[in-house]
Amino acid sequence: MAPYSLLVTRLQKALGVRQYHVASVLCQRAKVAMSHFEPSEYIRYDLLEKNINIVRKRLNRPLTLSEKIVYGHLDDPANQEVERGKTYLRLRPDRVAMQDATAQMAMLQFISSGLPKVAVPSTIHCDHLIEAQLGGDKDLRRAKDINQEVYNFLATAGAKYGVGFWRPGSGIIHQIILENYAYPGVLLIGTDSHTPNGGGLGGICIGVGGADAVDVMAGIPWELKCPKVIGVKLTGSLSGWSSPKDVILKVAGILTVKGGTGAIVEYHGPGVDSISCTGMATICNMGAEIGATTSVFPYNHRMKKYLSKTGRAEIARLADEFKDHLVPDPGCHYDQLIEINLNEVRKVIGFKELLRMGTLLSCHWGPAWFRSPEQGLWAFGFPSVETPAWFLLLTPDPTTHNVPGLIGSCTNSSYEDMGRSAAVAKQALAHGLKCKSQFTITPGSEQIRATIERDGYAQILRDVGGIVLANACGPCIGQWDRKDIKKGEKNTIVTSYNRNFTGRNDANPETHAFVTSPEIVTALAIAGTLKFNPETDFLTGKDGKKFKLEAPDADELPHAEFDPGQDTYQQPPKDGSGLRVDVSPTSQRLQLLEPFDKWDGKDLEDLQILIKVKGKCTTDHISAAGPWLKFRGHLDNISNNLLIGAINIENGKANSIRNAVTQEFGPVPDTARYYKKHGIRWVVIGDENYGEGSSREHAALEPRHLGGRAIITKSFARIHETNLKKQGLLPLTFADPADYNKIHPVDKLTIQGLKDFAPGKPLKCIIKHPNGTQETILLNHTFNETQIEWFRAGSALNRMKELQQ
């Protein structure tokens, strides 16, 4: 962001106020603004302290940091029942953040609520709709042209309802939050699953669906199941090629993709101080990949340094005063404790096996391992032993194939990340080498882009053969117009991103993606092969001499102030009530929402099974991103991607299911529309951790829109389960997971017990087989009283309107 004085000057000009001294604008005695952009919204550490003391006295025990921040934001700390993993908490978050792809539906829902203005500070960030194609400026211009209708809607809706608007090109939502809005002790919710990135600055930042954001923007207490707390004690320090990315891949290897479900991961111990603030953000960011509610680090001098460098020294000074409330109590209890010695953390390449087994595979050099947490360990050769033939069936031979390298994303696009990558590239250039593979760089924000341009990092990365993309999500979320291979061609890429689900980055199911640190990606792009180990292997310079890359070293923050670059923020007016937000009835990008139908008071009889899903089913499988992002504001159009990536257990194919009436096989959305047209209500049967991945609520809105009534699985990912409840669907789990095998795609189901629907009370499910036989099983649920009211009203939004009336 801009230097402190420049930011205030901009703010004063935007608001049309006199230029007071900086301190008098942003800081009064015991009053410090939450951000430069909201000078009248103050940090309430006094209220946090008061609530913590009330809860600590009630519980009569030491509190973890997670508990302090969460319980410190309770709506009623004196009476709220608090039990980890069981009770639902009613919370008052400090602010809301939305990225453009999810903000469309969130703002459409807020418009439907009829409320005049948001009740808490909120922002919209344009980062998801910019496709990587030619390079930064050209791609940005193209995105502004293609998405003009959506950007105009978000900008005018933000202005009318009091929401700050970050224009396209400003950067990735999580980097903008870290630079401007996150602070120690904040409770922030964001409509993106990687919102936990803010935990690197000591906040509890949680990814949610748009309906949750609407609740908070409407001033309604937000409900969260009281999270358990997993402690990760760090000792030692990182060195050499090891990086924060390796720490979270290590944790993911221990907990797997669902081991953090229902819990906050809280890092602590002497090793914490050896990690930069943005490095801590990297670790928290990828906590989403283990299903964690969020992750957090305790306030320390690295955070203070980052706050000061980003023009928020007043916040750092206030945090110092309240530091006891921004670190865990001595002797606090964790539900699970993991200990990691950072001295022993080795550089890692993580690879989720892409044959829909859903495990995390990590390749460690010296000794080398191919790790699948759920299936044991195998030694394999990168480079110590022969690479197994079965590995080469998954990916082209890493010895001969040029492997594209992509660095950036919300996980790894900080100044330090760019500096470490540039340090590697500079060594190659000194020996006359350039990348043998395609190499792209995504700056995390306009501030990062401008600063690495000024300090020479960007030019070094270009000189080595890199292309600097726009300040946006880009290939990380599938916004990549890839030209070097054909769809269906088997290939490998290596990235510093956070996810590598099938088809995630380029919509090609045959692209196998490794995830690692930016500096390792850079080294591999220079070498052109996954088999290269920078710790032991040599490169050959232009002069024919061999040399070895030295471990990169770079400053965590620039010596000079950050360069803010272009001003990309739109401040909402004090009164936007006179503004219009138009949505054309013929638009193919935007569609005003119609309320869902209420529950009719009866049990759900003879539900048709739309699809019985085999294996992993993420939100990418349920509602794909990439080319479908353009329809995120149009519910009917985007519903044409419903479950097109899910595997049908009946035939082992994606997007091919049997129509129970016609007996013909066809696409999932077409079959769902057929059922809806003919009044046939349906249900989806799923496997473990159904709905993991993104926070996108479209994965819940689409089945509701097309006539779905229930989703029955072995288990759910947290955000998706809540999203389903918000839209009036029934997310249910088998009381006995083995009952999954009793249901066949040709069966019909009746769900009984809805008239007496109550928290903790299982529902009955009668399975009706085609031969006339029946079986009865029990289905569990996690609904509380408020959520049952959502179901009866048809959705949480419907219930909000009922309460208003």
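User: Why is strand β21 called largely enclosed by the rest of the structure?

Analyst: This is a predicted model. In strand β21 (residues 491–495), five of the five residues are buried, so the strand counts as largely enclosed by the rest of the structure. Buried here means under 20% relative accessible area. Asn491, Ile493 and Thr495 point one way from β21, Thr492 and Val494 the other way, and all are buried.

User: What makes β18 and β22 paired strands of β21?

Analyst: The cut-off is at least two bridges between two strands. Strand β18 (residues 405–407) is joined to β21 by two bridges, and the two run parallel. Strand β22 (residues 511–515) is joined to β21 by five bridges, again running parallel. Within these pairings, Gly405 has Val494 of β21 as its bridge partner, and Thr495 stands opposite Val515 in β22.

User: Why is the Tyr690 and Phe716 pair called edge-to-face?

Analyst: The ring centres are 6.0 Å apart and the planes stand at 85 degrees, so the pair is edge-to-face. Pairing needs centres within 6.5 Å, and edge-to-face needs planes over 60 degrees apart. The pair links distant parts of the chain, 26 residues apart: Tyr690 is in the loop between β31 (682–685) and α22 (698–705), Phe716 in the loop between β32 (708–713) and α23.

User: How do you know whether Tyr690 and Phe716 are buried or exposed?

Analyst: Tyr690 has a relative accessible area of 2%, so it is buried. Phe716 is at 7%, so it is buried too. The limit for buried is under 20%.

User: What makes the pair of Tyr45 and Phe322 tilted?

Analyst: The angle between the planes is 45 degrees, with 5.3 Å centre to centre. Stacked is under 30 degrees and edge-to-face is over 60, with tilted for the rest. Tyr45 lies in helix α3 and Phe322 in the loop between α13 (313–321) and β13 (336–341), so the pair ties together parts that are 277 residues apart in sequence. Both residues are buried.

User: How many aromatic pairs are there in the whole structure?

Analyst: The search finds 18. One aromatic cluster is formed by Phe37, Trp166, Tyr181 and Tyr569.

User: What makes Lys612 a charge over the ring of Tyr740?

Analyst: Lys612 lies over the face of Tyr740, at 4.2 Å from the ring centre. The distance limit is within 6 Å, along with an angle limit of within 35 degrees of the ring normal. Lys160 and Tyr161 make another such pair, with the charged end of Lys160 at 5.8 Å from the ring centre.

User: Why does Lys50 count as exposed?

Analyst: Its relative accessibility is 53%, so Lys50 counts as exposed. The limit is over 50%. Lys50 is in helix α3 (residues 45–59). Its C-alpha is 9.3 Å from that of Pro77, 27 residues apart in sequence.

User: And why does Ile622 count as buried?

Analyst: Its relative accessibility is 1%, so Ile622 counts as buried. The limit is under 20%. Ile622 is in helix α19 (residues 619–622). Leaving aside neighbours within four places, its contacts include Cys617, Leu643, Tyr690 and His720.

User: Which residues have the most contacts inside the largest nonpolar core?

Analyst: That core has 162 residues, and those with the most contacts inside it include Tyr45, Met98, Leu234 and Phe297. Leu234 touches Val247, Tyr267 and Ile340, among others. A second, separate core of 25 residues includes Leu604, Leu607, Leu730 and Ile767.

User: What do the buried residues of α25 pack against?

Analyst: They pack against α5 (100–113), α9 (210–217), α23 (718–726) and α24 (785–793). Among the buried residues of helix α25 (residues 796–804) are Ala796, Leu797, Asn798 and Met800.

Methods. Residues are numbered from 1 along each chain as its sequence is written. This is a predicted model: local features need pLDDT of at least 70, side-chain atom pairs count only at pLDDT 80 or more; totals for chains, interfaces and linings use all residues. Side-chain values use heavy atoms; hydrogens and water are left out. Helices (H or I, at least four residues) and strands (E, at least two) are DSSP runs, numbered from the N terminus. Buried means under 20% relative accessible area, exposed over 50%, partly exposed in between (1.4 Å probe, protein chains only). Contact means heavy atoms within 4.5 Å. A nonpolar core is a set of buried Ala, Val, Leu, Ile, Met, Phe, Trp, Tyr and Cys residues joined through side-chain atoms within 4.5 Å.
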